[in-house]
Amino acid sequence: MKRFSPADDEEEKAALAPPSPPAGAEMVDDPAVEHQPSPSPTTKPCRNTSTSGGVGVVIGTIVFLALLVRTEWIHIHLDADYYSSLAGTGAGGSVSRRGCHFRARSSTAHLIPIPFSCDANGTSGLALCRSGASLAPEPSPSSSSRKHYSPGVPPPWCPDYFRHIHTDLGPWRTAGITRDAVERAQRHAELRLVVVSGRAYVEKYRPSYQTRDVFTEWGILQLLARYPGRVPDVDMMFGTGDVIRVRAADYHDDPSAAPPLFRYCKDVDKEVAILWPDWSFWGWSEVNIRPWAALIEEVGRENARLPWRDREPYAFWKGNPGVSEARRDLFRCNNDSAAGKDWNTRLFKQDWAAAARNGFKDSSLAKQCRYRYKIYVAGRAWSVSEKYILACDSPMLALDTPYRDFFSRGLVAGKHYWPINLANKCRAIKLAVDWGNAHPDEARHMGQEGSGFAREEMDMELVYEYMLHVLTQYAALLRYKPTVPEKAVELCPESMACPRSGRERDFMMESREKYVATCEPCTLPPPFTADEVLDMAVRDDGVRSKLLHIMDGD
């Protein structure tokens, strides 16, 4: 089956990083996690991580509004003392997550390796999966590799975007999920993935675009290896496409009747779906985008090499405009010197035929961080490019879209990114660039907030913890015991990676988990209250209204 055709790409694939040799086994320490106080009805345990909601969101947004309210465009002036006082406090700033998630890499002491091997021919069949040779041993309750906490003290709280897990599963919270409901999702799904007793099985219904299905399956295998004995039995239908599958309006009278479908993104106003990390976290082989853990390190090095002030003072986007009207219309914002229009943009169409012919050797995501501002515009729905754009230390100018993926629901307008209204996108982009160039400290801070979120709130350990929490909550709603479908095939790391070659195998090896998790997952926060949802909407509207007001007066 032909999987790759640059001409009909559904995603931006805007810049591509050449693969590096597979990394060796990661060696890490597991220093003590600071003990946290027990939660109370009004107090969360302290956690050393950046704050996406609550006080952090309020202060971060207030700062942004203060920049716009207190002064006149173009001579906006910031109270520098107040602004700088926020850095490193957790009040709207990015604070390193300590303990399990940002530990030093120096020794393999107390770590349990995850077995992996290919036979002499470099291949491995299902017999190896069924032998159990590829399964990591489950740590005993007394194992020194398991992080212990004081009685009654939970692990640190997960980032606030984890709270949307409750939102995704809300339609079935009361009635639960039946086998019939799951099987009614089949017409929307490319594959069915079942976990029974720590083993994974897949049944394919229709082809997925490129290797979306393959690397999604690979990611679940890494989760099983990372948390042996911790992943519950589950029965999941996956939709690997972009556009809406299950419309909320069709189940308005009875949301619990909606078939549960796992997706990479959803229209938050119109769709019922359970969000799941997209395949590219483990690599996108067709366009040579490395796994997220390796790529974020590469981007970090480029950020350090080229400070924000030394970057080109424009808003940059490069990609395939053919996949959506929003992208095609964006090119109206390109500079037109003959007409005397300068929108402060640098927009480029990607020649994918040429890029494919030379193996994408001349493209690099990290090298695209040489602009002070990066534009995010959705593809057919959303785009995996958002996390790469966010990581650049350059403010992300995000064109409005109703689509969200699992982590973008934690991004705060005015703190992590600058929102761009579609109706006035060209003027809005120019406004953002002019303002940022006139106030470089503030603009740089917004870029750092965004990249800090990418590094610290969505590092791979947290991605796996998100997956584990989703499955744990989902499994609790199942009203039946999952069984292996008759036509399903068992999966294991060896059966997937060993027969493969080229970038597919390279990326699997680069993203393979080497050791069993050495600490407990973060603690899942409670659902958002109605008041919190309203507060977030009011804050977001406040930022957008102020920007519109400034444009109207420009």
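Cysteine 333 and cysteine 426 are both buried, where buried means under 20% relative accessible area, exposed means over 50%, and partly exposed lies in between, using a 1.4 Å probe and protein chains only. Before I go on, a word on where this comes from: we are looking at a predicted model, in which local features need pLDDT of at least 70 and side-chain atom pairs count only at pLDDT 80 or more, while totals for chains, interfaces and linings use all residues. Residues are numbered from 1 along each chain as its sequence is written, and side-chain values use heavy atoms, with hydrogens and water left out.

Back to our two cysteines. Cysteine 333 and cysteine 426 form a disulfide, with sulfur atoms 2.1 Å apart; the cut-off for a disulfide is a pair of cysteine sulfur atoms within 2.5 Å. If the word is new to you, a disulfide is a covalent bond between the sulfur atoms of two cysteines. The torsion about the S-S bond of cysteine 333 and cysteine 426 is about -85 degrees, so this disulfide is left-handed. Cysteine 333 sits in the loop between helix 8 (325-330) and strand 8 (345-349), and cysteine 426 in helix 11 (residues 425-438), so the pair ties together parts that are 93 residues apart in sequence. By the way, helices (H or I, at least four residues) and strands (E, at least two) are DSSP runs, numbered from the N terminus.

How many disulfides does the structure hold? There are four. Let me show you another of them, between cysteine 118 and cysteine 498, whose sulfur atoms are 1.9 Å apart. Here the torsion about the S-S bond is about -85 degrees, so this disulfide is left-handed. Cysteine 118 is in the loop between helix 2 (80-85) and helix 3 (126-131), and cysteine 498 in the loop between helix 14 (493-497) and helix 15 (502-511), so they tie together parts 380 residues apart in sequence. Buried or partly exposed? Cysteine 118 counts as partly exposed, at 26% relative accessibility, whereas cysteine 498 is buried at 2%.

Next come cysteine 158 and cysteine 522, a disulfide with sulfur atoms 2.1 Å apart. Its torsion is about 100 degrees, so this disulfide is right-handed. Cysteine 158 counts as buried at 1% relative accessibility, and cysteine 522 counts as buried at 2%.

Now let's look at the backbone. Most residues other than glycine have a negative phi. Asparagine 344, though, has a positive phi, near 65 degrees. Asparagine 344 is in the loop between helix 8 and strand 8, and at 8% relative accessibility it counts as buried. Aspartate 393 also has a positive phi, near 70 degrees. You will find aspartate 393 in the loop between helix 10 (385-390) and strand 10 (396-399), buried at 17%.

Six of the six residues of strand 9 (residues 371-376) are buried, so the strand is largely enclosed by the rest of the structure. Which strands does strand 9 join? Three bridges join it to strand 7 (residues 312-319), running parallel, and three bridges join it to strand 10, again parallel; strands pair if DSSP finds at least two bridges between them. Alanine 315 stands opposite tyrosine 373 in strand 9, and tyrosine 376 stands opposite alanine 398 in strand 10.

Finally, strand 9, helix 10 and strand 10 make a right-handed β-α-β unit. Right-handed here means that, with the strands pointing away from the viewer, the path from the first strand over the helix to the second runs clockwise.
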